[in-house]
Amino acid sequence: MAMRLLAAAGALVFGAGVLAGVDGPVASATPDSAAPAGLPGIGPCKTDPAPVHESLVPKTLEVPFSYPVVTVDPGPAVEPTKRVKVDLPSDPCVNPCPDLTDGPPPAPDVLEQLGLPKLVIRPQPFNFAFPNPNPPAVPPGPEPVHPAVDPAPQAPARPTPRIDDVTEVAKVTGADSVNRTDKRWQVQGTDLGIMWESKPGEIAMAFGDTIGRDFHPPGGMGEDWRSNLLAFSSNKDLSRGVVFDRMVTDDRCHASELLSSEKLDNIEITTIPTSGFAIGDRQYMSYMSIRTWNSIPGTWYTNYGGIAYSDDHGEHWTKDPHARWDNIFGVSNFQVTAMVPQGDYVYMFGIPNSRLGAVGLARVPKDQVLNVTAYQYWKGGSWTPADGFVSADPIVDAPAGELSVRYDADRKVWQMSYLDTAKAALVVRESDSPQGVWSDSATTVSALQFPELYGGFIHPWSTGKDLYFTMSTWSDYNVYLMHATMN
């Protein structure tokens, strides 16, 4: 997992060389001094310091050491099914599990005593695998369909969004956050914060690789590694942050992994959510099966992009074995996707396995989401069925990473947020149709403000004026809620 350090650093390396030598905290989240401390959702507890962004010079430097291993692919990991629901105190300042989360800090080593970063060498196998001789049986897939070719002209380009002001609202995860996830769910470090409306009045928020013990940024370094998590929030006062009602848990004060992964480098190292949506009582989550984190910054290699679903409101998830887009020769689109239901269709915006590709677009009828033969791809000005190798024309030019797309029903406008590694910034675009023409991009947050930033996932309850989105930073490896004023 340590190889992810190189992949996620792409935001800083590509187009952000001006940040070389930047040191020390860049910004801090300042709690509302007029608000009463110690109440759910208000901010840091009286006993906690205000959260401060980590220095770019790490306290612990973990260096991966890969060595080759020849093995046999053991096949798909068993999906986690254990669930334990625990009633936590409504006040997040009360630690419900001190026996699990509190303990004496480790004694500093010689380097730490000298004021130097602690050095950790982590050996890890890089697997060269033979195919599984006994692959699991796969149930029959849905009946193939043959969608028509439908014209899909682009709308005129909208003006570039104007961003007047951007502020950091609150730290969402980790120590000293509004949710104190380190104490309540053993979530010390995590990233992404992908949101969708799971039901009226409720938001689901999915996270990527998560650390629960011995957390030492930069990146997801430490123990108790889970590939993904899910939280729920009904808090509508976003000016105070995203306040969790609960997380999906598998033990006392322990958030559960949702989608399993083999956790074998160069076979399947992890599975990361990329978007989510609900249709009726079923929750859907797009995800990417990552084969390995590459040594080239800003890139990784996927096995495929897929769709999972849940029929018990996010407690348990099934990866559909047929709703997958294989990564052919490492250049296939729709490996990292953002899926958005609107009207009679679900629109799928996708990029290849990196932060460096262009955005393609597909759509599928709402009742055929898991049937890959029902998808139409925007190509040559029309919605066209797949013809062997799945391809689509770019609707937004490269480079784009961590897509987030929503339809603003009040304004009847599409919004897209992503990491632009050329600008070293999170940007937003708008369009009157999903296929564009999309406006020019406007910067919301720059790496000059928050070095090593990534993410930029839009909160579904944003309005035309108030754009709320989550941001992760590699140096902190936690999630923050940001607010941008749009004009």
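C97 and C253 form a disulfide, with their sulfur atoms 1.8 Å apart; the term stands for a pair of cysteine sulfur atoms within 2.5 Å. A disulfide is a covalent bond between the sulfur atoms of two cysteines. This link joins distant parts of the chain: C97 lies in the loop between β1 and α3, C253 in the loop between β9 (249-251) and β10 (254-255), and the two are 156 residues apart. Helices (H or I, at least four residues) and strands (E, at least two) are DSSP runs, numbered from the N terminus.

The link of C97 and C253 is right-handed, with 65° about the S-S bond. Both C97 and C253 are buried. Buried means under 20% relative accessible area, exposed means over 50%, and partly exposed is in between (1.4 Å probe, protein chains only).

## About the model

Please keep in mind that this is a predicted model: local features need pLDDT of at least 70, side-chain atom pairs count only at pLDDT 80 or more, and totals for chains, interfaces and linings use all residues. Residues are numbered from 1 along each chain as its sequence is written, and side-chain values use heavy atoms, leaving out hydrogens and water.

## The other link: C45 and C93

How many disulfides does a search of the whole structure find? It finds two. C45 and C93 also form a disulfide, their sulfur atoms 2.1 Å apart.

C45 is buried, with a relative accessible area of 4%, while C93 is partly exposed, at 21%. Counting bonded cysteines along the chain, the disulfides follow the pattern 1-2, 3-4.

## A pair of strands

Strand β22 (residues 425-431) pairs with β23 in the antiparallel sense over four bridges; strands pair if DSSP finds at least two bridges between them. A425 stands opposite S446 in β23. Is strand β23 (residues 442-446) mostly covered or mostly uncovered? Mostly covered: four of its five residues are buried.

## Where L119 sits

L119 is found in strand β2. L119 is partly exposed, with a relative accessible area of 46%.
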